Amino acid sequence: MILFRNVMTVILSALVLLAIYGTSAFGQTVSVKNGEGENGFGWMFGQAGTCYAVMPRHVAGIFPRVTVSTAAPVQTGTGTVITPFWDGIDLALAVIRGIGTDRCSEQLDALDVDAAGRRAAEASLLRLTPTGEEERVPLRITQRGYLTLEGEILAGREISQGTSGAFAFVGETPIGMAYASADPRRATFMRSEEILINLHRFLNEQGAAYGAPPAGAIPPATGMPATGRLPLVVVRSSMPPVNPRYGPENLTGNGVFVYEGVPGARIVFGIATGNVAAVHRVRMTAPTDADYALPRTIIVQYSLDDEGQQFREWTRGQMAPDGLFDTGRMAPRNIRWIAFTILDAWSPGPVVIDEVIVE
């Protein structure tokens with residue numbers, strides 16, 4: 001009987017954790033606080049190893065950073081705001097740092113509403129309390145337009161201040177994001193399909209329409225600790241710099257490397273000591289205020305041979321639009337040489353890289 005109780009306790013604990021952390025779209029609702037001290041909500045998802053949150057532009061505010069908090073148990077991170085969408089649309093995207101990847105588990109295609117979601121007459125508005133508990137409020141869909149939905153809270157409840165960015169759900173499907181309310185019981189929602197179209201265009205198409213912020217608006221993602229950093233030397237680059245001042249050698253010192261945005265640019269580094277070293281993490285940064293394109297898809301390869309000619313692929317991913325490509329901690333690999341192939345960039349024109357860090 002005691003064993004049975006212990007087993008049941010473990011199962012119930014696992015179910016509680018699943019409910020808390022779950023992989024459902026519900027669990028990806030986040031609270032947002034902008035630089036003006038205003039509050040709202042957003043919806044968090046992962047894409048190519050990077051965590052993002054979508055929210056109304058007015059919730060993001062006028063400053064380039066927001067604070068994002070998950071449902072309980074609460075984790076808090078920082079979002080770098082991007083607004084590459086057409087003028088007039090109340091939509092913003094933030095690259096989220098500081099929240100565990102296990103909490104950012106939903107995929108963008110969850111916004112692809114199925115037939116049941118498009119026909120539903122009832123939904124639930126999901127918000128988070130200040131302590132991170134989920135609050136679901138019954139909602140009646142009163143009108144469906146091409147771009148928006150109109151929803152009405154049932155009698156006895158109100159659309160409270162700071163609800164912008166909260167999503168309406170049918171089951172586990174987010175069908176729309178609240179962004180305007182002219183009545184205490186009604187709200188206008190941007191349809192998830194419209195949000196999906198715009199996010200897909202930015203995140204999945206080469207040459208996304210991302211203009212770097214004005215100088216100084218968003219600092220490059222540098223300032224990472226040097227603990228465990230291995231000394232590197234640039235061995236070769238398949239692309240020359242646009243100007244000798246911006247040579248690839250800058251990647252192991254001061255300055256930046258800028259090259260014409262040719263797909264497949266390749267840079268090879270060696271361990272400066274000439275010895276084999278165990279590497280478990282690789283990062284590449286690029287400044288977002290330099291008026292150049294940022295790298296997008298990156299392949300990392302390594303070699304152990306004496307001449308650095310035979311390479312094997314180790315990992316690949318995307319540099320996020322805030323200028324950081326970070327593999328996170330991986331199983332260690334012994335390497336003597338490491339190569340980066342940049343398949344494409346976030347926008348047309350010369351591409352800039354600030355630093356490469358190998359630990």
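Close-up 1. At 8% relative accessibility, Glu152 counts as buried, where buried means under 20% relative accessible area, exposed over 50% and partly exposed in between (1.4 Å probe, protein chains only). Arg140, at 39%, is partly exposed. The two side chains meet in a salt bridge, with N to O at 2.3 Å. Glu152 belongs to strand E9 (residues 148–153) and Arg140 to strand E8 (residues 134–144), so the pair ties together parts that are 12 residues apart in sequence. A salt bridge here is a side-chain nitrogen of Lys or Arg within 4 Å of a carboxyl oxygen of Asp or Glu, and the count by this rule comes to 14. Helices (H or I, at least four residues) and strands (E, at least two) are DSSP runs, numbered from the N terminus. A note before you go on: this is a predicted model, in which local features need pLDDT of at least 70, side-chain atom pairs count only at pLDDT 80 or more, and totals for chains, interfaces and linings use all residues. Residues are numbered from 1 along each chain as its sequence is written, and side-chain values use heavy atoms, with hydrogens and water left out.

Close-up 2. Asp306 is exposed, with a relative accessible area of 61%, and its side chain meets that of Arg336 in a salt bridge (3.5 Å, N to O). Asp306 sits in the loop between strand E18 (297–303) and strand E19 (312–318), and Arg336 in the loop between strand E21 (333–335) and strand E22 (337–342), so this pair ties together parts that are 30 residues apart in sequence. In another salt bridge, Arg316 meets Glu313 at 2.8 Å, N to O. Arg316 is partly exposed at 45% relative accessibility, and Glu313 is partly exposed at 40%. Elsewhere, salt bridges that share partners join Arg140, Glu152, Asp183, Arg185 and Arg186 into one network.

**Close-up 3. Leu93 in the largest nonpolar core.** A nonpolar core is a set of buried Ala, Val, Leu, Ile, Met, Phe, Trp, Tyr and Cys residues joined through side-chain atoms within 4.5 Å. The largest one has 61 residues, and Leu93, Ile195, Leu199, Phe269, Met284, Ile338 and Phe340 touch the most other members. Helix H4 (residues 192–204) gives the most to this core, with five residues. Take Leu93: among the residues it touches are Phe45, Tyr52, Ile82, Phe85 and Leu199, not counting residues up to four places away in sequence; contact means heavy atoms within 4.5 Å. A second, separate core of 20 residues includes Val113, Val137, Ala187 and Phe189.

**Close-up 4. The aromatic cluster around Trp43.** Trp43, Phe45, Tyr52 and Phe167 form one aromatic cluster. Rings of Phe, Tyr and Trp (its six-membered ring) pair if their centres lie within 6.5 Å; planes under 30 degrees apart count as stacked, over 60 as edge-to-face and the rest as tilted. The count by this rule comes to seven aromatic pairs. With ring centres 5.7 Å apart and planes at 25°, Trp43 and Phe45 are stacked, and both residues are buried. The rings of Trp43 and Phe167 are tilted, with centres 6.1 Å apart and planes at 45°. Trp43 in strand E2 (residues 39–47) and Phe167 in strand E10 (residues 167–170) are 124 residues apart, so to speak a link between distant parts of the chain.
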